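Take a look at the model below. We will walk through it piece by piece, from charged pairs to strands and the core.

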Amino acid sequence: MQHDSGRHPTHVRAAIIAVLAVALIAAGLVVAGVWWRTSERAATPSDSSSAISTSSAMHRSKASATPSSPGPDAATDTPEAKAAKTVNAMPLEDQVGQLVMTPLSAGSDPSSLRDLIANQHVGSVLIIGNWNIGTSGVRQATDALQAYAPQRNQLIVATDQEGGQVQHVRGPGFDAMPSGVEQGQLSPDQLVSSASQWGRQLKSAGINVDLAPVTDTVQTNRVGNAPIGALDRDFGLDAPGNAQHAAAFINGMRQAGVETTIKHYPGLGAVSGNTDFTANGILDTTTTLDGDEIGAFTTALQANPGMVMMSLATYQAIDPANPAAFSSALIDGHLRAQNGYKGVVTSDSLSATAVSGIAPNQLGVRFVEAGGDLACIGANQYMQPILDGLNQQAASDPAFAQKVKQSATRVMTLKYRMGLAQ
């Protein structure tokens with residue numbers, strides 16, 4: 001179409017053009033605004049959730065990348081760490097006290113041990129003899145003993161409760177336990193159940209460690225093996241069977257909250273003499289470090305017993321110069337270094353006839369020097385000489401004092417695991 005410029009003056013046309021331009025711009029802005037608001041409303045739900053999701057993902061990523069709030073150092077909260085800290089704060093005499101187990105014989109008043117526990121810091125007691133007063137009577141005695149000990153460092157209270165002829169606590173509340181050989185006729189599951197029941201009885205009497213199971217494998221004629229076979233103390237099986245039943249006994253007792261002790265390392269099944277009563281016939285000429293008899297103990301260690309008890313026999317093929325309890329080759333060498341055992345090593349009674357040729361004040365020294373931790377003592381008259389010997393050696397020999405500290409730490413580690421120390 002042609003425009004008739006003659007009908008509108010120039011300035012009028014310019015004004016009209018300006019008005020039209022403004023109107024067009026305004027209309028465009030309105031349309032754009034409507035489009036933007038419409039698009040925003042349509043996009044908001046999904047975009048918002050997407051933004052939240054993205055924000056959450058970013059937060060999670062940031063949280064995962066940020067170290068968690070510092071809590072207690074797990075490495076300082078283990079029984080081992082607690083024990084080390086406790087022992088480091090102990091005077092040397094207190095450390096020595098943790099390394100001996102004093103006897104309380106049937107019929108003796110617990111107050112007879114007050115000085116040893118309260119003033120000489122003895123940390124363990126052996127309930128020994130024919131206690132026929134039942135669980136409640138034994139509990140009265142063990143409660144009295146614990147009252148002499150510090151509340152934060154209670155006593156290990158142990159007894160020999162194997163079964164058969166070796167059962168030191170009896171009477172109402174205690175089962176008449178079958179012999180080891182009879183226990184060996186049970187299935188492992190049955191033995192776990194029975195041991196748990198026997199353990200509950202011990203626990204109710206205030207006893208927290210059983211010096212059992214016997215893990216020896218008889219190598220000779222049973223009658224001629226005075227310490228084990230003649231008394232039916234073993235499970236009466238071959239070495240693997242004995243190890244399996246020892247583990248069952250350990251597991252059953254642990255269910256009841258009672259720790260155990262495999263004995264008599266590396267085995268009393270090939271000697272004729274009973275080390276408790278004689279120094280004759282206690283040389284083992286057949287047991288080796290790679291044999292079946294010691295292998296039963298190695299297998300039983302996998303059940304994690306609280307202690308390993310060293311025998312007082314001498315082993316010609318391992319260390320002909322020393323009884324096992326005084327043999328660093330057996331304790332520090334084989335048991336600890338080769339088998340990796342880090343727990344408590346205790347001794348058979350150091351008042352036994354087998355080691356009567358050694359001065360009493362050197363018995364504990366030789367045991368700890370070899371790597372032992374807890375000297376088990378069956379006769380009261382040996383207590384003070386053994387304590388004095390340990391204290392004197394530790395005070396004069398820094399290297400021995402370090403061994404005392406290591407042993408005390410192992411004993412205290414067991415106490416922390418058992419809930420006896422705080």
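Asp 143 and Arg 139 sit four residues apart in helix H5, so about one helical turn separates them. Helices here are DSSP runs of H or I with at least four residues, strands are E runs of at least two, and both are numbered from the N terminus. The two side chains form a salt bridge, with their closest N and O atoms 2.9 Å apart. A salt bridge means that a side-chain nitrogen of Lys or Arg lies within 4 Å of a carboxyl oxygen of Asp or Glu. Side chains of opposite charge can pair when their charged atoms come close. Asp 143 is partly exposed at 41% relative accessibility, and Arg 139 is partly exposed at 32%. The burial classes work like this: buried is under 20% relative accessible area, exposed is over 50%, and partly exposed is in between (1.4 Å probe, protein chains only).

A word on the source. This is a predicted model, in which local features need pLDDT of at least 70 and side-chain atom pairs count only at pLDDT 80 or more, while totals for chains, interfaces and linings use all residues. Residues are numbered from 1 along each chain as its sequence is written, and side-chain values use heavy atoms, with hydrogens and water left out.

Stay with helix H5, which covers residues 134–148. Ala 141 belongs to this helix. Its relative accessibility is 8%, so Ala 141 counts as buried. Leaving aside residues up to four places away in sequence, Ala 141 touches Pro 110 and Trp 131. Touching, or contact, means heavy atoms within 4.5 Å. Gln 146 is also found in H5. At 13% relative accessibility, Gln 146 counts as buried. Its contacts beyond four places in sequence are Gln 154, Leu 155, Val 157 and Asn 208.

Now back to charge. The salt bridge count comes to 13. In one of them, the side chains of Glu 80 and Arg 417 meet at 2.3 Å, N to O. This pair links distant parts of the chain: Glu 80 is in helix H2 (residues 79–88) and Arg 417 is in helix H13, 337 residues apart. Another salt bridge joins Asp 373 and Arg 336 at 2.7 Å, N to O. Asp 373 lies in the loop between helix H11 (360–369) and E13, and Arg 336 in helix H10 (residues 329–338), so the pair ties together parts 37 residues apart in sequence. Asp 373 is buried, with a relative accessible area of 0%. Arg 336 is buried too, at 11%. Salt bridges that share partners join Asp 332, Arg 336, Asp 373, Lys 403 and Arg 410 into one network.

What about a buried charge with no salt bridge? Asp 210 is such a case. Its nearest side chain of opposite charge, Lys 263, is 6.6 Å away. The side chain of Asp 210 does reach the backbone nitrogen of Gln 161, at 2.9 Å. Asp 210 is found in strand E6 (residues 209–210).

Next, the strands. Five of the six residues of strand E1 (residues 100–105) are buried, so E1 is largely enclosed by the rest of the structure. E1 runs parallel to strand E2 (residues 124–128), and five bridges join them. Two strands pair if DSSP finds at least two bridges between them. Thr 102 has Val 125 in E2 as its bridge partner. E1 also pairs in the parallel sense with strand E13 (residues 375–376), over two bridges. There, Val 100 is partnered with Ala 375.

Val 100 turns up again in the core. The largest nonpolar core has 109 residues, and Val 100, Phe 249 and Met 310 touch the most other members. Helix H13 (residues 398–418) gives the most to this core, with nine residues. A nonpolar core is a set of buried Ala, Val, Leu, Ile, Met, Phe, Trp, Tyr and Cys residues joined through side-chain atoms within 4.5 Å.

Finally, step back. The chain holds 13 helices and 13 strands. Of its 422 residues, 48% are buried. Among contacts between residues at least 6 apart in sequence, 76% join residues at least 24 apart.

Terms used. Lys and Arg count as positive and Asp and Glu as negative; His and the chain ends are not counted. A polar contact is a pair of N or O atoms within 3.5 Å; within protein, one must be able to donate a hydrogen and the other to accept it, and residues adjacent in sequence count only if both atoms are side-chain atoms.
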